[in-house]
Amino acid sequence: MTIPHTVFDPTLDLELKREVDVSPHLVWRAWTEPELLMKWFTPAPWRTTACELDLRPGGKFRTVMEGPAGERHDNTGCVLAVVPQQLLVFTDALGPGYRPTGSAFMTGSVSITPAGKGTLYIARAIHKDVDAKKQHEEMGFHQGWATALDQLVALAKTL
């Protein structure tokens, strides 16, 4: 079986790459079980208050994120690729069933690889142009995604 992959373009994309001291199995669970994802996905003080994940290509990937001042972001996208315990790719360019949404911010990918006693975690935000990448950087991609990963690791250690 050929495993799908994303191609990182540093002019258009953002990446968080880090080795963490939890197993690939636990990282996968945190990403693919909605009740777990809601506990870590959004950097505090933001919260993820809803998650729907149909874990198959074309399936729905929806999260609702709420901020401390009442901000609310309801994001519905589409799962593009699933390789259990290894890779999850999703986008907001398409909705469930690959239906075009008419707007797109990014495609996300999470690669999970055994490394030592833990996991090599590579999360990518793939953007359509330099402006979208810059917007995501200014929104706090690096700090936010790193904080969320710290929250994922802390949660995984309790499982």
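1. A residue is called buried when its relative accessible area is under 20%, exposed when over 50%, and partly exposed in between (1.4 Å probe, protein chains only). By that rule helix α1 is mostly covered, with seven of its nine residues buried. These are Pro 24, Leu 26, Val 27, Trp 28, Ala 30, Trp 31 and Thr 32. His 25 also has its place in α1, but counts as partly exposed at 43% relative accessibility. Helices (H or I, at least four residues) and strands (E, at least two) are DSSP runs, numbered from the N terminus.

2. The model is predicted: local features need pLDDT of at least 70 and side-chain atom pairs count only at pLDDT 80 or more, while totals for chains, interfaces and linings use all residues. Residues are numbered from 1 along each chain as its sequence is written, and side-chain values use heavy atoms, with hydrogens and water left out.

3. A nonpolar core is a set of buried Ala, Val, Leu, Ile, Met, Phe, Trp, Tyr and Cys residues joined through side-chain atoms within 4.5 Å. The largest one here has 34 residues, and those with the most contacts inside it are Val 27, Trp 31, Trp 40, Phe 61, Tyr 121 and Leu 152. Helix α4 supplies the largest share of this core, eight residues. Setting aside neighbours within four places in sequence, Phe 61 has contacts (heavy atoms within 4.5 Å) that include Trp 31, Leu 37, Cys 51, Asn 75 and Phe 90.

4. Rings of Phe, Tyr and Trp (its six-membered ring) pair if their centres lie within 6.5 Å; planes under 30 degrees apart count as stacked, over 60 as edge-to-face and the rest as tilted. The count is seven aromatic pairs. One of them, Trp 31 with Phe 41, is edge-to-face, at 5.7 Å centre to centre and 85 degrees between the planes. Trp 31 belongs to α1 (residues 24-32), whereas Phe 41 sits in the loop between α2 (34-40) and β2 (47-53). Trp 31 is buried at 2%, and Phe 41 counts as buried at 18%. Trp 31, Trp 40, Phe 41, Phe 61 and Phe 90 form one aromatic cluster.

5. Phe 141 and Trp 145 both lie in α4, four residues apart, about one turn of the helix. Phe 141 is buried at 1% relative accessibility, while Trp 145 is partly exposed at 23%.

6. A pocket, found on a 1 Å grid over the protein atoms alone with a 1.4 Å probe, is an open set of points with protein on both sides within 12 Å along at least five of seven lines; lining residues have an atom within 4 Å of a point. The largest pocket holds about 1,000 Å³ of space, taken as the space filled by probe spheres set on the points, which are joined across faces, edges and corners. Of its 29 lining residues, the closest to the centre are Met 65, Asn 75, His 136, Met 139 and Trp 145. Helix α4 gives the most to the lining, with six residues.

7. Some backbone details deserve a check. A cis peptide bond joins Ala 44 and Pro 45, with omega about 15 degrees; Pro 45 is in the loop between α2 and β2. Gln 85, not a glycine, has a positive phi of about 70 degrees and lies in the loop between β4 and β5. Tyr 98, also not a glycine, has a positive phi of about 65 degrees.
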